Amino acid sequence: MKTFKILLVAGVGLLLIYLVFCLMASKNFSIERSVVINANIESVFEEVNDFNNMQHWSPWKEYDPNMILSIEGKINDPVYKYSWKSENDKVGHGSLTRKITEANKKISNDLLFDEFNMHSNVDWTFEQTPEGTRATWINSGMMPFLMRPLSGKMESMMAPDMEKGLNLLKEYCEAKPKPMANNIKIESTVVQASNYLSVHDTTTMNNISQQLGADYGLIQQAMAKQKLNMAGYPFAFYFNAPQNNKVEMEPGLPVDKPGKNDGRVKAGTLLAGNSVVAHYFGSYTDVGKAHSTIDQWLIANNKKSVGPPWEVYITDPMVEKDTAKWQTDVYYRIE
């Protein structure tokens, strides 16, 4: 009996010590890993966004090739869920349920491990960089009370599999045939004279879209004050190839009559003259292919370009969500 009491007291003591550890240990955890993939952002996003593609890069598939997988719903359905069952302790039973999708930017899922009734957030972010697409995988959440002493080990437990998955994703995406720009059509043309208002600016490769939007906003304010109407599509001159991630550009809007300078907004005239234009369809991230195609055309036709090239943005991306249908016309003035 005395031995039993000693064991009971020891057990209660150990339990109390463990509960103290539970109280003192961090209740939150967050593990983040990234990889840069030499592929366009749409391709990488598609691989992660579609649960059917997880077989291409899942770091857990080798633990149990016979695990039972199921997918409920489709992308953009109210319920889109990926579930698995495995007798392997490294895989277990669980599910991913889609919460948020922002095309080519962010994906958020709710991760549930059935055995522990433990939820966490699985987030992905995607960023276009000069080196390629940066994909970032984040697993974060709150530990159940009795599991909190393990919070400090979550990094060592989860990070290796996340790193393995990212490397598999990189290998798969980079091995896929790279999509060419759809229907790049080259033709020589004569540009007609036109009036415009523009803003000369410098920005980074990653910030071009945001800076274009800000500059077009300034121009529209000047147009309103001068009672000018838009007379064509938004465009932008580009004065240099990216250097140290810096881009010198001049966004502009064509107007129906000559305008006046207004602070940073300048009035200009596009002179008539011979040009070559590439009609490009696809994401802005690959518009460089249109420039390269024109360079090849210039060599093949023994022509020289003069002055800065400019891009004309035919499609409004706020209206047309399918990037494959976005049209950009790239112009080079020729002698």
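Entry 1: I began with the open sheet, where 7 strands follow the order 1-7-6-5-4-3-2 with antiparallel pairing. Its edges are strand 1 (28–37) and strand 2, each of which pairs on one side only. I noted that neighbouring strands here are turned by 20 degrees against each other on average, with direction ignored. I keep in mind throughout that this is a predicted model.

**Entry 2: strands 6 and 7.** I then looked up the pairing of strand 6 (residues 118–129) with strand 7 (residues 132–142), and found that the two run antiparallel and are joined by 10 bridges. Within this pairing, Trp124 has Trp137 of strand 7 as its bridge partner. For background, I recall that the strands of a sheet pair through backbone hydrogen bonds, either parallel or antiparallel.

**Entry 3: helix 2.** Which strands does helix 2 touch as it packs on the sheet? I found strand 1, strand 4 (93–102), strand 5 (106–113), strand 6 and strand 7, and the direction of helix 2 makes about 165 degrees with that of strand 6. Helix 2 (residues 41–49) is mostly covered, with 8 of its 9 residues buried. Among the buried residues of helix 2 I wrote down the nonpolar Ile41, Val44, Phe45 and Val48, but Glu42, Ser43, Glu47 and Asn49 are buried there as well.

**Entry 4: Asn53.** I next went to Asn53, which is found in the loop between helix 2 and strand 2 (68–72). Is Asn53 buried or exposed? Its relative accessibility is 11%, so Asn53 counts as buried, the cut-off for that class being under 20%. When neighbours within four places in sequence are left aside, the contacts of Asn53 are Glu46 and Glu47.

**Entry 5: the cores.** I looked for the residues that touch the most other members of the largest nonpolar core, which has 33 residues, and these are Ile37, Val44, Trp57, Trp124, Phe126 and Leu169. At least two residues of this core come from each of strand 1, helix 2, strand 3 (81–85), strand 5, strand 6, strand 7 and helix 3 (154–175). Helix 3 gives the most to the core, with 7 residues.

**Entry 6: strand 16.** I turned to strand 16 (residues 327–333), where 7 of 7 residues are buried. Both of its faces are covered, with Gln327, Asp329, Tyr331 and Arg333 buried on one side and Thr328, Val330 and Tyr332 buried on the other. Strand 16 pairs with strand 14 (residues 273–281) in the antiparallel sense over 7 bridges, and Ser275 has Arg333 as its bridge partner. Strand 15 (residues 310–313) also runs antiparallel to strand 16, joined by 4 bridges, and there the bridge partner of Glu311 is Val330.

**Entry 7: the whole protein.** Buried residues make up 41% of the 335 residues, while the protein exposes about 19,000 Å², of which carbon and sulfur atoms supply 56%. Of the contacts with a separation of 6 or more, 67% are between residues 24 or more positions apart.

Definitions and conventions:
Residues numbered from 1 in each chain as written. Predicted model: local features only at pLDDT ≥ 70, side-chain atom pairs only at ≥ 80, totals over all residues. Heavy atoms only, no water. Buried < 20%, exposed > 50% of the residue type's maximum accessible area, 1.4 Å probe, protein only. Contact = heavy atoms within 4.5 Å. Pairing = 2+ DSSP bridges. Axes fitted to C-alpha atoms, helices over the stretch in contact; angles between N-to-C directions. Areas by Shrake-Rupley, 256 points an atom, 1.4 Å probe, with all protein chains shown as cover. Core = buried A, V, L, I, M, F, W, Y, C linked by side-chain atoms within 4.5 Å.
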